[in-house]
Amino acid sequence: MRRYETILILDPELAGEQRAPILERIRETIAREGGTLVRIEEWGTRRLAYAIRKKERGWYARVDYCAGAAAVAEIERFCRIDERVLRYLTVLLDSRPDVARILEEVSRAETAAAEAAAAQAAAAQPEPAGATPPAEAPAAEAAAGETAAPAPSAQEA
């Protein structure tokens with residue numbers, strides 16, 4: 001098994017619902033051939049260096065995966081046949097990848113991304129109208145007379 005990346009340029013006029021089956025087909029092909037999908041990066045619409053099929057722009061995606069030669073051949077066959085794919089290029093990244101290490105890195109990255117998204121969502125949530133901001137909370141408790149007894153210090157014990 002080797003590690004590859006395939007860059008796809010799709011027709012920019014395709015809606016998201018029309019692009020999804022192309023990427024799903026590639027995902028299925030990798031799984032069916034016994035490979036491992038590392039990640040799919042959707043780069044979005046960009047201007048082309050030259051017109052391809054009279055199109056000045058293209059929608060880019062990068063597929064990073066570990067698979068055998070049969071999976072690469074099937075993905076490239078699909079890209080040649082499908083008219084929605086303007087161009088594709090497959091590059092060998094590593095001839096002897098450590099698949100377990102790669103999967104561990106991917107799961108760590110996904111966990112970190114999920115935690116960052118959760119933290120961002122929590123920060124974006126508005127506070128209730130009657131809530132006291134955290135910096136003012138100790139002052140509000142002291143004013144209300146709800147102070148706790150101080151902990152004994154190391155010298156007193």
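A: Let's start with a term: a salt bridge is a side-chain nitrogen of Lys or Arg within 4 Å of a carboxyl oxygen of Asp or Glu. Keep in mind that this is a predicted model, where local features need pLDDT of at least 70, side-chain atom pairs count only at pLDDT 80 or more, and totals for chains, interfaces and linings use all residues. Residues are numbered from 1 along each chain as its sequence is written, and side-chain values use heavy atoms, with hydrogens and water left out.

Q: Okay, so what links glutamate 24 and arginine 27?

A: Their side chains meet in a salt bridge, at 3.0 Å from N to O. Helices (H or I, at least four residues) and strands (E, at least two) are DSSP runs, numbered from the N terminus. Glutamate 24 and arginine 27 are 3 residues apart in helix H1, so about one helical turn separates them.

Q: How many salt bridges does a search of the whole structure find?

A: It finds 14. In one of them, arginine 3 pairs with aspartate 64, with the closest N and O atoms 2.6 Å apart. Arginine 3 sits in strand E1 and aspartate 64 in strand E3, so this pair ties together parts 61 residues apart in sequence.

Q: Is aspartate 64 buried or exposed?

A: First the idea: buried means under 20% relative accessible area, exposed over 50%, and partly exposed in between (1.4 Å probe, protein chains only). Aspartate 64 is buried, at 0%. Arginine 3 counts as buried too, at 18%, while glutamate 24 is partly exposed at 34%.

Q: And how do I read the sheet? What is the order of its strands?

A: Two strands pair if DSSP finds at least two bridges between them. Here, 4 strands make an open sheet in the order E2-E3-E1-E4, with antiparallel pairing. Strands E2 (36–52) and E4 (85–94) stand at the edges with a single partner strand each, so one side of each has no neighbour in the sheet. Strand E1 (residues 2–10) pairs with E3 over 9 bridges, and leucine 8 stands opposite alanine 61 in E3.

Q: Which strands does helix H1 lie across?

A: For angles, axes are lines fitted to C-alpha atoms, for helices over the stretch in contact, and the angles run from 0 to 180 degrees between N-to-C directions. Contact means heavy atoms within 4.5 Å. Helix H1 (residues 16–32) lies across E1, E2, E3 and E4, running at about 20 degrees to E3. Helix H2 (residues 69–81) packs on the sheet as well, touching E1, E3 and E4, and its direction makes about 165 degrees with that of E4.
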